[in-house]
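Biologist: I am new to this structure and would like to learn how to read it. Could you take me through it step by step?

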Amino acid sequence: MKNKILSILFLVYTITSFSQDIKSLKSEAQLMYDTAISLDLDKILDQTYPKVFEIASREQMKDVMFEAFNNEAMTIKLIKTNPNFSFGEIKKIGSQTFCVFEHDNKMTMTFKEDMGDSAEMMLEMIKESMGATEATYDAKTYTFTINKRSKVLAISDDLTKNTWKYVNIEKEGSLVQMLFSEDVVKQLGL
């Protein structure tokens with residue numbers, strides 16, 4: 001009888017712990033999304049998995065991001081939309097905890113000059129390279145509007161002081177492969 005009670009308590013504890021983990025991840029993911037929309041680069045970098053800064057310094061990352069969002073050719077704005085989060089399984093691998101999740105993203109890329117005849121080719125390149133689910137071009141404003149589903153890896157470990165930090169998962173040349181062992185990448189299905 002005592003073993004049954006202990007088993008039930010363990011099961012309840014496990015379910016409760018998982019719920020707290022997924023609950024905290026859901027609220028943290030929303031915070032990450034809102035921070036990205038605001039383009040607060042310092043806060044975005046605060047939410048980035050710290051090992052990324054071994055590849056490029058925080059200042060270098062900030063400069064690259066700033067230049068990407070506002071340069072001599074174009075400006076990029078992230079548009080608030082319903083993120084429609086979908087969360088995968090939370091996985092404990094070694095001393096690290098991971099979760100892959102997806103969310104909707106909407107952005108505009110406004111060019112400072114008319115794209116002319118190359119707009120259609122650029123539209124196809126955007127769809128292909130960004131994995132856009134939908135992309136349109138407004139010739140009057142020189143603006144591409146892009147909808148896509150983004151994939152993110154959430155990590156909690158000693159390096160993050162057991163809080164959730166993030167790395168975007170891109171199609172090719174993924175940062176994830178540079179940051180984690182082949183075994184971890186394989187276990188995460190990436």
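Modeller: Gladly! Let us begin with two terms: contact means heavy atoms within 4.5 Å, while helices (H or I, at least four residues) and strands (E, at least two) are DSSP runs, numbered from the N terminus. This is a predicted model, so local features need pLDDT of at least 70 and side-chain atom pairs count only at pLDDT 80 or more, whereas totals for chains, interfaces and linings use all residues. Residues are numbered from 1 along each chain as its sequence is written, and side-chain values use heavy atoms, with hydrogens and water left out.

Biologist: How many helices and strands does the protein chain have?

Modeller: There are six helices and seven strands. In sequence order the pattern is α-α-α-β-β-β-β-α-β-β-β-α-α.

Biologist: Which residues of helix H4 are buried?

Modeller: Buried means under 20% relative accessible area, exposed over 50%, and partly exposed in between (1.4 Å probe, protein chains only). In H4, the buried residues are Ala-119, Met-122, Leu-123 and Ile-126. They cover an arc of only 105° around the axis, so they sit on the same side of H4; the arc is that of the directions from the helix axis to the C-beta atoms. The general idea is that an α-helix has 3.6 residues a turn, so residues three or four places apart point the same way.

Biologist: What covers the buried residues of H4, and which exposed residues are on the face turned away?

Modeller: The cover includes E4, E5 and E6. The face turned away from the buried side carries Glu-120, Met-121, Glu-128 and Ser-129, which are exposed. Just after H4 comes Gly-131, with a positive phi of about 65°.

Biologist: How do I read strand pairing, say around E4?

Modeller: Two strands pair if DSSP finds at least two bridges between them. E4 pairs with E1 in the antiparallel sense over six bridges, and Lys-77 stands opposite Thr-108 in E4. E4 and E6 also run antiparallel, joined by 14 bridges; there, Met-109 has Phe-144 in E6 as its bridge partner. Strand E2 (residues 86-87) pairs antiparallel with E4 over two bridges, with Phe-87 partnered by Phe-101.

Biologist: And where does E3 come in?

Modeller: Strand E3 (residues 91-93) pairs antiparallel with E4 over three bridges, and the bridge partner of Lys-92 in E4 is Thr-97. Two residues lie between the strands of this hairpin, in which Gly-94 takes a positive phi near 65°.

Biologist: Why is E4 described as largely enclosed?

Modeller: Because 12 of its 16 residues are buried, E4 is largely enclosed by the rest of the structure.

Biologist: Which residues touch the most other members of the largest nonpolar core?

Modeller: A nonpolar core is a set of buried Ala, Val, Leu, Ile, Met, Phe, Trp, Tyr and Cys residues joined through side-chain atoms within 4.5 Å. In the largest, with 29 residues, they are Leu-25, Phe-101, Met-109, Phe-144, Ile-146 and Tyr-166. Helix H1 (2-38), strand E1 (74-79), strand E4 (96-111), helix H4 (119-130), strand E5 (132-138) and strand E6 (143-156) each supply at least two residues. H1 gives the largest share, six residues.

Biologist: What is Leu-25 in contact with, leaving aside its neighbours within four places in sequence?

Modeller: Its contacts are Phe-87, Cys-99, Phe-101, Ala-154, Trp-164 and Tyr-166. Another core lies apart from the largest one and has 15 residues, including Val-100 and Leu-153.
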